[in-house]
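Here are a few exercises to work through with the structure open beside you. Try each task before you read its solution.

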Amino acid sequence: MSKPLVAIVGRPNVGKSTFFNKMAGKRISIVEDTPGVTRDRVHADVEWLGHSFTLIDTGGIDPKSDDELLSQMRAQAQVAMDLADVICFFTDARDGLTDDDRDVANLLRRTGKPVLLVVNKIDYMGLNDQMYEFYELGLGDPIGISSVNMLGFGDLLDEIIRLFPEDTGEAADESSPIQVAIVGRPNVGKSSLTNRLLGQERTMVSDIPGTTRDAIDTPYTAEDGTSYNIIDTAGMRRKRSVEDESLEHFSVLRSVAAIRRCDVALLLINAEDGVTEQDTKIAGLIHEEGKGVVIIVNKWDLIEKETGTFEKYQKEVLSALKFMDYAPVLCISAKSGQRVNTVFQTVKAVYETSCRRITTGVLNDVLNDAMNALQPPIQGTRRLKIYYATQCDIQPPTFVLFVNDETLMVFSYERYLENYFRKTFDFTGTPIRFILRERKK
Ligand code: GDP
Ligand code: GDP
């Protein structure tokens, strides 16, 4: 069900971000209006000939020396090999083949994943000759493109799509466990929390690698009989020697895959640091994927408290993550165990709200109340009319609004409706979405 992941790897300056940005187009989301998230997006949804996939830019390499360049490139390749269904290895026709390219190609050749060798900066046909030396890498026929001029994109996209795995079409059924991803920056306490949550369980069943390679999956049944599957993104780290964990960027990338296959994400934040830019980025991924979320402020034992500290902290977290102000915030200590017992019940509540269905009758009553309390916007002489609403999906709850003219909808009114719905129905911890459909009266 989830879309294939395509990762871009390669040295700095070969043109990865130029390619990524051209592919990502101009789609602007709420998240990107938030400072800190705009600067480097890590993933974009792409459509080509009826296939959709997610492109991730593994960029983020900022080496201080040649040695560091190599180790960061290896780490980048490792992340791509773990996560992606197809890897695009970018090289640069102007620089020609470099030793670093050779080194990374050696790693990539050993993966079972399909790798496409891309030679960028073939800005006009005459440069095609420069592609031949790249055959030496043993990664098949090089594909020449120009990211600046968008040349050769069609051929590359055709190849990418050809390499996608068959859709197994496996769907979650009612009895399947709630998938919980534990995500956050390095050292926020993901492993400590996982150990706390799983207790003895973990030593018995853990370290069974999950169905994918981004994390370790551990099944868990709570006292009330609810089954969970804990997707532990920190667990993998202990198995890697090559990866430079000092690069928070890679931990963000790792969380992409875990977030995509979860029902509810536990976003861990370090109480001492507050919300950082990387936290915002991970939060943005969760929101854009439409997943349920519980924000967990860990290391609460290290905060000096007086009356009102919790409320104040909670407010600060939600105002730093404005686009996610629907999330419950728990302040816990994985170390002492304080309030860890509230985590599963909160996850379950969020899971249930994300699966909530509102009947069409009730929904339209509430919609009418909302429109009576605040009239839809006017542009010029024309007022937005919303004739009818119906819920078309869950996870996240998604509502189709039938309107006279979708261009009359403004962000602030959509936000108003969202808040009105949230006030009426409990949607704690889940994003909700609106789809507009024009209907001639
Ligand atoms: P990254 O570090 O791999 O993400 O590389 P960038 O996308 O930042 O590109 C590095 C430089 O190469 C920039 O100055 C780009 O304008 C330039 N560049 C990228 N693609 C092309 C291309 O197809 N042709 C030419 N001539 N320059 C390019
Ligand atoms: P991860 O990288 O996110 O998996 O973080 P770890 O679970 O490895 O924790 C990083 C460090 O923070 C370790 O030294 C932990 O002992 C410490 N730590 C984790 N949770 C807490 C907590 O609730 N309170 C305090 N004081 N330290 C913690």
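**Exercise 1. The hairpin**

Which residue in strand 9 is the bridge partner of threonine 221?

The model is predicted, so local features need pLDDT of at least 70 and side-chain atom pairs count only at pLDDT 80 or more, while totals for chains, interfaces and linings use all residues. Residues are numbered from 1 along each chain as its sequence is written, chains are lettered from A and ligands numbered from 1 in the order written, and side-chain values use heavy atoms, with hydrogens and water left out.

Solution. 
- Step 1: find the strands, which like the helices are DSSP runs numbered from the N terminus (strands: E, at least two residues; helices: H or I, at least four). Strand 9 covers residues 227-232, and strand 8 covers 216-221.
- Step 2: check the pairing (two strands pair if DSSP finds at least two bridges between them). Strands 8 and 9 run antiparallel over 6 bridges.
- Step 3: read off the partner. Threonine 221 is bridged to serine 227.
- Step 4: look at the connection. The two strands make a hairpin with 5 residues between them, and glycine 225 in that turn has a positive phi of about 90 degrees.

**Exercise 2. The sheet around the hairpin**

Work out the strand order of the open sheet of 6 strands, then see what lies across it.

Solution. 
- Step 1: the order is 8-9-7-10-11-12, and the pairing is mixed.
- Step 2: strand 8 and strand 12 (329-331) are the edge strands, each pairing on one side only.
- Step 3: Neighbouring strands are turned by 25 degrees against each other on average, direction ignored; axes are lines fitted to C-alpha atoms, for helices over the stretch in contact, and angles run from 0 to 180 degrees between N-to-C directions.
- Step 4: go inside the sheet. Strand 7 (178-183) and strand 10 (264-270) pair in the parallel sense over 4 bridges, and valine 183 has leucine 267 as its bridge partner.
- Step 5: Helix 9 (309-320) lies across strand 10, strand 11 (292-298) and strand 12, at about 135 degrees to strand 12; contact here means heavy atoms within 4.5 Å.

**Exercise 3. Ligand 2**

Solution. 
- Step 1: collect the shell (a residue counts as near if one of its heavy atoms lies within 4 Å).
- Step 2: list polar contacts (pairs of N or O atoms within 3.5 Å). A side-chain N or O atom of serine 192 is 2.6 Å from a ligand oxygen, and a polar side-chain atom of aspartate 301 is 2.7 Å from a ligand nitrogen.
- Step 3: check the cover. Of the 570 Å² of accessible area that ligand 2 has on its own, the protein covers 77% (Shrake-Rupley method, 1.4 Å probe).
- Step 4: inspect the backbone. Asparagine 187 is in the loop between strand 7 and helix 5, and its phi is near 70 degrees, a positive value in a residue other than glycine.

**Exercise 4. Ligand 1**

Solution. 
- Step 1: out of 15 residues around ligand 1, Asn13, Ser17, Thr18, Asp123 and Ser147 come nearest.
- Step 2: by type, the shell holds 3 nonpolar, 7 polar and 5 charged residues.
- Step 3: helix 1 (16-24) supplies the largest share, 3 residues.
- Step 4: a polar side-chain atom of threonine 18 lies 2.5 Å from a ligand oxygen, and a polar backbone atom of asparagine 13 is 2.7 Å from an oxygen of ligand 1.
- Step 5: ligand 1 alone exposes 580 Å², and the protein buries 71% of that.

Notes. Polar contact = N/O pair within 3.5 Å; in protein donor to acceptor, adjacent residues only side chain to side chain. Nonpolar A, V, L, I, M, F, W, Y, C, P; charged D, E, K, R; others polar.
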